[in-house]
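Please read these notes with the sequence and the model open beside you. Each point takes up one part of the chain.

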Amino acid sequence: TGGLSGTIPDCLGANQGELSTISLEGNELSGTIPESLCQIGDSLTVLYLSENQLSGTIPACIGTDLTSLEDLELLANDLHGTIPESLCQ
């Protein structure tokens, strides 16, 4: 397990250029998944946020704005609500 705690900062998604992988699984991150992650756009192919303490809903923009996303892992969090239809596209 990692040693990160707190929330995922909004700046992580802003001005990241060609970021292709975000791997933050197995930490103690809390709060919601920020919609700013969707600003990374089509360079992001891997988003691992499993095994944290994230809450709230899955942002629909993950399915619409992250067009090159190939691998999404969100298990073992405190997420609720429905899976956005945009993830099925």
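1. Strand β5 and strand β7 (residues 78-79) run parallel and are joined by 2 bridges. Strands here are DSSP runs of E with at least two residues, helices are runs of H or I with at least four residues, and both are numbered from the N terminus. Two strands count as paired if DSSP finds at least two bridges between them. Within this pair, G56 stands opposite L79 in β7.

2. The model is predicted, so local features are given where pLDDT is at least 70 and side-chain atom pairs at pLDDT 80 or more, while totals for chains, interfaces and linings use all residues. Residues are numbered from 1 along each chain as its sequence is written, and side-chain values use heavy atoms, with hydrogens and water left out.

3. The pLDDT, which is the predictor's confidence in each residue from 0 to 100, averages 92 over the chain, and 97% of the residues score at least 70. Among the elements, β5 has the highest mean value (98), and helix α1 (residues 61-65) has the lowest (93).

4. On its other pairing, β5 meets strand β3 (residues 28-31) in the parallel sense over 2 bridges. L54 in β5 is the bridge partner of G31, and S30 stands opposite Q53 in β5. Strand β3 is also joined to strand β1 (residues 5-7) by 3 bridges, again parallel. There, E28 in β3 is the bridge partner of S5.

5. A separate point concerns the open sheet of 3 strands in the order β2-β4-β6, with parallel pairing. Because β2 (21-23) and β6 (71-73) stand at the edges with a single partner strand each, one side of each has no neighbour in the sheet. Neighbouring strands of this sheet are turned by 10° against each other on average, direction ignored; the axes are lines fitted to C-alpha atoms, for helices over the stretch in contact, and angles run from 0 to 180 degrees between N-to-C directions. Strand β4 (residues 46-48) and β6 pair over 3 bridges, and D71 in β6 is the bridge partner of V46.

6. The largest nonpolar core has 17 residues, of which I22, I33, L37, L47, L49 and I62 touch the most other members. Such a core is a set of buried Ala, Val, Leu, Ile, Met, Phe, Trp, Tyr and Cys residues joined through side-chain atoms within 4.5 Å. Leaving aside neighbours within four places in sequence, L47 is in contact (heavy atoms within 4.5 Å) with I22, L37, I62, L69, D71, L72 and E73.

7. Beyond neighbours within four places in sequence, S50 has contacts including L24, E25 and N77.

8. S36, in the loop between β3 and β4, is also buried, with a relative accessible area of 9%. Leaving aside neighbours within four places in sequence, S36 is in contact with P9, D10, G13 and A14. A polar atom of the S36 side chain lies 2.8 Å from the backbone oxygen of D10. The C-alpha atoms of S36 and C61 are separated by 9.3 Å, with the two residues 25 apart along the chain.

Methods: Buried < 20%, exposed > 50% of the residue type's maximum accessible area, 1.4 Å probe, protein only. Polar contact = N/O pair within 3.5 Å; in protein donor to acceptor, adjacent residues only side chain to side chain.
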